[in-house]
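Subject: Model handover, with notes on the ligand site

Hello,

Here is the model for you to look at. My notes come after it.

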Amino acid sequence: MAHLLSTSCSIKVSTGCKPYSLPYKQDLSAFPTSLTLQASESPFTRLVSRGEKHQRNYTVHATTLPVNKEGPTQPSSGSHQTLKEPSKPQRVMVIGGDGYCGWATALHLSNKGYEVAIVDSLVRRLFDHQLGIDSLTPIHSIHNRLRCWKSLTGKTIELYIGDICDFEFLSETFKLFEPDAVVHFGEQRSAPYSMIDRSRAVYTQQNNVTGTLNVLFAIKEFREQCHLVKLGTMGEYGTPNIDIEEGYITITHNGRTDTLPYPKQASSFYHLSKVHDSNNIAFTCKAWGIRATDLNQGVVYGVRTDETEMHEELCNRFDYDGVFGTALNRFCVQAAVGHPLTVYGKGGQTRAFLDIRDTVQCVELAIANPAQPGEFRVFNQFTEQFSINDLATLVTKAGEKLGLNVQSISVPNPRVEAEEHYYNPKHTKLVELGLKPHILSDSLLDSLLNFAIKYKDRVDTKQIMPSVSWRKIGVKTRTIAA
Ligand code: NAD
Ligand code: USQ
């Protein structure tokens, strides 16, 4: 599929931008950029939007190597750090670095002294165009973002634009950048998107599973010692009626005992793609000695990190629509615009959550404390758990304090999931490595709500109600493009 999707494109990005210092309103469009694109038809055109042509698989090697003055965070005590030169900044490739978690992480790692390269196909921006949705926050082009970062900090983040399903492209990026660690965020990450219709279900699994397989092969072929830090999801486990362990469970059966991968019960084609990834990674750790950390992340909320706050042009995306928006972020936007909070079904669904500032912290901890060769390490990456009803109550109270009139409605659940269930996942391993969680406090909810209020004029309220049904997959609704 990757080859079928290939197009021949090249982009030249001039790096001759004038340095500038902190002002918020500076217009970066003044910096010269020269683009040359050639694109050919591909099946992907049919997959996500008819009648449009897209650019796929173009490669950019935009910048020269950075000169960093600080070293990265050192491993916490008790870790099994085995890198040869731990004091030297490591080279970290952030796949999916233009997305919500990836952008914040790339900046954070760059700020901490790592040499960072972003690899991204920008396909997420394309999904937004095709579905007619947009981030609550205005987001700048990846080129402007990186120029802004360089101007503010003097640090360069390399940029490779292309599809990791194209192994030729990925190989080139590995050979050019020579990563010590790869943080892999680069997947189609929306459960509702994967449940729109057959083509999106197939696309999600092909994109995610093939992309991850290619990363594994690239590590094996070009960077054997490279540590893979892969973003998985808490949704891989489902909602079993027993405690959820971190990756493995010890079972005694018919008098014999073994420690086995924890059973997986994912509940969307997206979540299933993560299960398939985990199996492929576990196998290659065993077979080829790959070192890997699977971060089973909960639902992320928030938008600000120390780095994205430094300038408006570094602002992260914030999804609130019914396809890409996630529970708490959506509720804050709904409260800000006076839309009732959309509790699906009974609202007893309980999930694990974390602040985006903890996402970047956890990834840094995983990189600084790498897995051993051959080790498939699993961390449950979240800080707290809430039911959807809990979240609705918290947002209602916080909204009222700000003078908002917040109501909730029970929306017929578009998903197939337990609406009342036991939920007790463990999450101690990242804390043992030094994670200092940001807890969902009143003041944090306040600031999230104020943030949503600041941008409320950009909200398209037509995008708020869920438009994808697990049971009626393939039935077109008014908000989904053909
Ligand atoms: P996102 O959609 O904002 O970003 C994903 C990025 O990956 C996009 O920039 C996209 O263009 C890129 N991408 C996708 N397929 C690619 C490919 N084949 N080649 C190159 N680039 C590709 O998603 P996010 O919210 O930042 O999530 C990042 C990762 O974290 C995902 O793997 C997701 O499953 C996981 N995760 C996210 C959350 C959450 O709440 N956002 C929670 C748990 C896990
Ligand atoms: N929900 C509502 N109302 C809403 C939105 C969601 O009740 O308006 C409910 C859903 O039914 C579900 C729960 O909230 O029970 C979580 O849904 P979500 O959309 O916030 O998150 P989910 O689809 O699970 O996916 C998100 C990210 C995904 C990541 C996952 C982590 O999009 O990339 O893998 O969170 S986890 O949930 O732990 O699997």
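Below are the findings on the ligand site, then on the cysteines.

One caveat: this is a predicted model.

Ligand 2 site
The shell around ligand 2 holds 23 residues. T233, Y270, A327, T342 and E417 are the closest. By type, the shell splits into nine nonpolar, nine polar and five charged residues. Three elements each give at least two residues to this shell: the helices α9 (269-288) and α10 (327-337), and the strand β12 (341-344).

Polar contacts
Oxygen atoms of ligand 2 meet both backbone and side-chain atoms of the protein:
- R189: a backbone N or O atom lies 2.8 Å from a ligand 2 oxygen.
- Y344: a polar backbone atom is 2.9 Å from a ligand 2 oxygen.
- R415: here a polar side-chain atom is involved, at 2.8 Å from a ligand 2 oxygen.

How much of ligand 2 does the protein cover? On its own, ligand 2 has 730 Å² of accessible area, and the protein covers 95% of that.

Cysteines
How many disulfides are there? The count is zero. The cut-off is a sulfur-sulfur pair within 2.5 Å. Are C148 and C285 buried or exposed? C148 has 0% relative accessibility, so C148 counts as buried. C285 is buried too, because its relative accessible area is 2%. The limit for buried is under 20%.

Please start with the ligand 2 site when you open the file.

Best wishes

How values were computed: Residues are numbered from 1 along each chain as its sequence is written. Chains are lettered from A and ligands numbered from 1 in the order in which they are written. This is a predicted model: local features need pLDDT of at least 70, side-chain atom pairs count only at pLDDT 80 or more; totals for chains, interfaces and linings use all residues. Side-chain values use heavy atoms; hydrogens and water are left out. Buried means under 20% relative accessible area, exposed over 50%, partly exposed in between (1.4 Å probe, protein chains only). A residue is near a molecule or strand if one of its heavy atoms lies within 4 Å of it. A polar contact is a pair of N or O atoms within 3.5 Å; within protein, one must be able to donate a hydrogen and the other to accept it, and residues adjacent in sequence count only if both atoms are side-chain atoms. Accessible areas come from the Shrake-Rupley method with a 1.4 Å probe; for residues, only the protein chains shown count as cover. Helices (H or I, at least four residues) and strands (E, at least two) are DSSP runs, numbered from the N terminus. Ala, Val, Leu, Ile, Met, Phe, Trp, Tyr, Cys and Pro count as nonpolar, Asp, Glu, Lys and Arg as charged, and the others, Gly among them, as polar.
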